[in-house]
Structures are given as structure tokens and as C-alpha cells.
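Dear colleague,

Please find below the structure that I promised to hand over. My notes on what was found in it follow directly after it, and I would be glad if you read the two side by side.

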Amino acid sequence: PWKLVLLLLNPPAFSTTCAWCAKDRRLRQKRAISERQLTRYFVDQRKVRVVGGRGGGGGHSFYSEPRKVFGGPDGGNGGDGGHVIFKADQQMKSLSSVIPFYQGFHGERGGSKNCYGANGTHMYIKVPVGTLVKEGGRVVADLTQHGAECIAAYGGAGGKGNRFFLSNENRAPKLFTPGEPGQERVLHLELKTAAHAGLVGFPNAGKSSLLRAISRAKPAVAAYPFTTLNPHVGIVHYQDYEQVAVADIPGLIKGAHQNRGLGMAFLKHLERCRFLLYVVDLSVPQPWIQLQDLKNELEAYEKGFSERPCVVIGNKIDLAHSRINLPLLREQVPERVIALSALTGNNLEELLLHLRELYDTYVRTEQSRGQRPVKW
């Protein structure tokens, strides 16, 4: 009994026999990272130096065994260096994981007995879909499809072993060559969000709330301007398993094409959108002026931008003043106007149906041109 008393008074730090004395080894749950901390490191531009792998040197040896001393040269060729390859992946949302320097894997040296050296393994760098690869201002590749690849730097060729130089004139060559160095380049990566639809509007118009209502994306929502500082892409799912990607672009202001506010850094994310969703706040006086200002900014950024297929979304219809502005907006605007409330979910069905009509029209147009439409 006295041993049990001592054990209870001085329990061991760890025990596998006594349940009372055993240390609680349950894993601590990781603290949830807020949406702001996750999006703080959004990067849409990177400067990368890539170097292909060096080729392996050629082998230098002569075959020799008992009763066959002069067996001749048997040095094999070296292996080729590995390439550095950019590969588009839908799981990647930013260029933040891309580091400034990449070195390809080297090839192995050629061995004796005509053994060739192994080639260096290719290095794959995952980048988001919609990444533009530039070199000195010239576009090298445009990775707009999932799984698309671009060889950023070629690996060097392997050297030749002395067996390669065997000839009738030279029966015992001692010459062998080293491997070639890999290609070295400095590339600029630029991310342009590849979504089907883009939400365009002034700050605090309710774009992020609308994206939350129609998809599973969780952009930050607050009652002050410029809550969204990074583009977000939400996926709208339909019953026939079609998926439409909608991009939430940070709010624009007058002079955005002159790099005011968030400026041109995020206007470029609208370039790949096939159709636009203009979001205006119905509760403000004269909301049609907001729409005209948005079109002017897009047209000043790129000519013909505002002529893309679009629909006008009048948000915050749940407010009393919005019901007065709605008929006035429809009189001033030639495009179709869909009045809804992202907060209460009122009339979201009409938007989802029209969004699918725009998507189907885009797919038919691309197929008629013999091109492959972007799928998510």
C-alpha cells in the first residue's frame, strides 16, 4: 500500500501501464488561420532565374579482363541535364510559392563497360492557371489550361565517352568530352486570373457578398471600402456538373486606368474574363452614373473592353431607397438589369440562370471557331 501512496504523490512524467498517470498525448489542434492572413501573401508577379541541369561528363575507361588485356575503349556517354518546366495547376492560386531561383538536376557521368549516365530528372514548378511567362518584355508562354507546360530552361547535353570516338584510324581513343552547362534565363511571371466572369464595381458595392452567396468562396466582407485587396475566384456549380468561374476583382475608382487606387495591378485580372458582371449599389443616388464610370475606366484601360457580353446587377434591393432607383436605372441602361440582394439571397436564381446562358453562349462560340473553351 505504501508504494501506491508514493506513486500517487509523485506520478511519473510518462507511463504506459497506469491510465491515471499516463500523459495526455492528444495532438493539439492547429489554430485556424484567418482569411486575411491567407490572402496577405497573394503575389501576381515574380522575377525568376532558372538554370537547367548540367550534362554528365563522358566516361574514360578501357575494357580489360584476364586473357583480354587490350579490350578497347568502353567509356559511356554522360546523361543529359534535367529541364526546368513551369506547369499550370488549378490548385495554385498565387505565385507566392515560386522562389527566385531554380537549378535543374544534373546528369550523371558515363561509366565503364559502355554504361551511359542517367539523365537528370526534370524539375516541375507549379504555377496558377493564367500565368504569363515573359523574357525581356516578350511573351514566351501563356499557360491558360490546366496541365499546360512550358520549358523554362533546357538541360545541358551529356558529354561523349571515349567509346564514341573509336574509329579505324584511332583504335584506342583517350578523348572524352565534359557535359554541357544548362540553359540560363531570367523570366518574369505575371498572373492574370483565368475566370469566365468578372465582378466589376466600385468599392463597397457588394461584390464579395455576392460571390459568397453564389459560390463557396470566402472573401472578406466588411462595411468599409477596399475590404477586398486580392482577387478571389469562386466556382458556381450546376446540376449537370458544369462549373462557371467567377472572379471578384477589388473595387475600382475613377482614374484606375492611371494607376489610381489599386489601379492597373488588378485591372489586368479582367483581361481573361469572357463576360463581365457590373455590380452597382442601388441605394446610392443615380446608380447609372456608377455604371458609366466603370465602362469608361475599362475602355480607357483597353479599347473594346466594355463591349464584352455583360449584365448589370443592381445590388442591395432590400433597402427602401433601392426600389425607387431600380426603374430609373432600367430606363437609363440598355443592358439587362438583374435586381437582387446578396445579403438576403433575394432573386439570386435569376442571376444564376442568366450566368449559365452567358457561359453556354461562350462555349458555343469557342467551339464554332474550332477552339477549346476554358473548363473548370
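Let me begin with a charge and a ring: Lys 160 lies over the face of Phe 164, at 5.0 Å from the ring centre, where a charge is said to sit over a ring if NZ of Lys or CZ of Arg is within 6 Å of the ring centre and within 35 degrees of the ring normal. Lys 87 is likewise placed over the face of Tyr 124, with 5.8 Å to the ring centre.

Before going further, please note that this is a predicted model, in which local features need pLDDT of at least 70 and side-chain atom pairs count only at pLDDT 80 or more, while totals for chains, interfaces and linings use all residues. Residues are numbered from 1 along each chain as its sequence is written, and side-chain values use heavy atoms, with hydrogens and water left out.

Aromatic pairs

Rings of Phe, Tyr and Trp (its six-membered ring) pair if their centres lie within 6.5 Å, with planes under 30 degrees apart counted as stacked, over 60 as edge-to-face and the rest as tilted. By this rule there are two aromatic pairs. As for accessibility, buried means under 20% relative accessible area, exposed over 50%, and partly exposed in between (1.4 Å probe, protein chains only). Phe 165 is partly exposed at 23%, whereas Tyr 359 is buried at 1% and Tyr 362 is buried at 7%.

Helix H7

Helices (H or I, at least four residues) and strands (E, at least two) are DSSP runs, numbered from the N terminus. Tyr 359 and Tyr 362 both belong to helix H7 (residues 348-368), where they are three residues apart, about one turn of the helix. The buried residues of H7 include Leu 348, Leu 351, His 354, Arg 356 and Glu 366. After H7 comes Gly 370, whose phi is positive, near 80 degrees.

Strands and their partners

Two strands pair if DSSP finds at least two bridges between them. An open sheet of three strands has the order S4-S2-S7, with mixed pairing, and its edge strands are S4 and strand S7 (149-153), each of which pairs on one side only. Strand S2 (residues 84-89) runs parallel to S4 and is joined to it by six bridges, and Val 84 has Met 123 in S4 as its bridge partner. Elsewhere, strand S1 (residues 45-51) pairs with S8 in the antiparallel sense over seven bridges, with Arg 46 opposite Leu 189 in S8. Strand S5 (residues 131-135) also pairs with S8 in the antiparallel sense, over four bridges, and there Leu 132 has Glu 190 as its bridge partner.

Loops

Lys 192 is in the loop between strand S8 (184-191) and strand S9 (197-201), and at 11% relative accessibility it counts as buried. Taking contact to mean heavy atoms within 4.5 Å, and not counting residues up to four places away in sequence, Lys 192 touches several residues, among them Val 129, Leu 132, His 269 and Glu 271.

Ser 112 lies in the loop between S3 and S4 and is partly exposed at 39%. Ser 112 and Phe 62 are 50 residues apart in sequence and 7.6 Å apart in space, C-alpha to C-alpha, and Ser 112 touches Ser 61 and Asp 74, again not counting residues up to four places away in sequence.

Most residues other than glycine have a negative phi. Asn 114, in the loop between strand S3 (101-103) and strand S4 (123-128), has a positive phi of about 60 degrees although it is not a glycine, and Asn 114 is partly exposed at 35%. Lys 316 has a positive phi of about 65 degrees, although it is not a glycine either; Lys 316 is placed in the loop between strand S13 (310-315) and helix H6 (320-332) and is partly exposed, at 22%.
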